[in-house]
Amino acid sequence: MLAFTVRRVLVALAVAFTVSVASFLLLHLSGDLATAIAGPEATGPQIAQIRQDYGLDQPLLTQFLTWGWRALHLDFGNSFYFRESVIDLLAARLPITLYLGIIALAVALFVAIPLGVVAAVKRDTWIDRTALAVSVLGQAMPSFWFGLTLILIFSVNLRWLPVSGNATWKNFVLPAVALGYYAMPAVMRLTRNGMLEVLASDYVRTARAKGLPPRKILVRHALRNAVIPVIALSAVQFGFMLGGSIVIEAVFSLQGLGQLAWESIARNDFPVVQAIVLVLAMIYIGLTLAADLLNALLDPRLRQS
């Protein structure tokens, strides 16, 4: 267990370093930053002064080390467009994205786990085939198209829910469904496969031979063991959904981190884009590491390593 934990932590640190380098190069490979900051009407001396003020005249390695040290202290500089601290912008928008991700994950688990259980119990029936078809459709359908379809049906035609904004909980219903539907297929298939494996195990057959009620066997013995890997997968899916929120927030005009990324990309606000990429990547790396360690705790073979 200790060796596995050390290996996973080292891998996570290596990935984090790679992401930080890529995030830094993203800013510098996008063009002349001094010209972007100064604007199209700036003169040569003004651009040279900005290049000196921002340290852009220093060697690339020196700039990276300086940026990395500041990033460790959550100092990502100031936004070119908003003219305020990048960390303040992230602190104001991140809670909305996290709230959307939590609701979307809850929607995905609430639908996918029961669907996976029913598909396993009714294996090779029309119910099982329908559940698998829904799973395939969920992965094939673009999230932005599904979001626009939800807007057309529930906001434009039925007028049940608002189209955009984040004033009340109603504003998060359609975005959460659109974002959660993307995570449903993986959770549903994993639940189905886990249930099929557990239902075929010896201790379930023993429970049936003892005459235990089918519902008790299904919930207490089968589902409780089949849902363990789903918990770890949920952490990874939550990280995916935070990244996917960029498209969903743009579709529904939610003022979260994804909408901020969309606005910053459109306005060449490179420090904000750089910080968002780094923060979302670090959240995903942390969630993936937590999922690996959770699997290790639940797997007897890894606990002995």
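In helix α9, Tyr203, Val204, Ala207 and Arg208 meet Ile217, His221 and Asn225 of helix α10, where contact means heavy atoms within 4.5 Å. By class, this contact of α9 with α10 holds four nonpolar, two polar and one charged residue. Here Ala, Val, Leu, Ile, Met, Phe, Trp, Tyr, Cys and Pro count as nonpolar, Asp, Glu, Lys and Arg as charged, and the others, Gly among them, as polar.

This is a predicted model, in which local features need pLDDT of at least 70 and side-chain atom pairs count only at pLDDT 80 or more, while totals for chains, interfaces and linings use all residues. Residues are numbered from 1 along each chain as its sequence is written, and side-chain values use heavy atoms, with hydrogens and water left out.

Two packed helices are described by the angle between their axes and the distance between the axes. Axes are lines fitted to C-alpha atoms, for helices over the stretch in contact, and angles run from 0 to 180 degrees between N-to-C directions.

| Helix pair | Angle between axes | Distance between axes |
|---|---|---|
| α9 (residues 202-209) and α10 (residues 214-226) | roughly 175 degrees | within 11 Å |
| α6 (residues 126-140) and α8 (residues 173-199) | about 140 degrees | 7 Å |

Angles under 35 degrees count as roughly parallel, over 145 as roughly antiparallel, 65 to 115 as roughly perpendicular and the rest as oblique. So α9 and α10 are roughly antiparallel to each other, and α6 and α8 are therefore oblique.

In the α6 and α8 pair, the α6 side of the contact is Asp128, Ala131, Leu132, Val134, Ser135, Leu137, Gly138 and Gln139, and α8 brings Tyr181, Pro185, Met188, Arg189 and Arg192. Seven nonpolar, three polar and three charged residues make up that contact.

Now to the second largest pocket, with a volume of about 230 Å³ (the space filled by probe spheres set on grid points, which are joined across faces, edges and corners). A pocket is an open set of points on a 1 Å grid over the protein atoms alone, where a 1.4 Å probe fits, with protein on both sides within 12 Å along at least five of seven lines; lining residues have an atom within 4 Å of a point. Of its 14 lining residues, Ser20, Gly68, Ala71, Leu72 and Leu278 lie nearest the centre. Helix α4 gives the most to this lining, with seven residues. The lining has twelve nonpolar, two polar and no charged residues.

Overall, the protein chain has 14 helices and zero strands, where helices (H or I, at least four residues) and strands (E, at least two) are DSSP runs, numbered from the N terminus.
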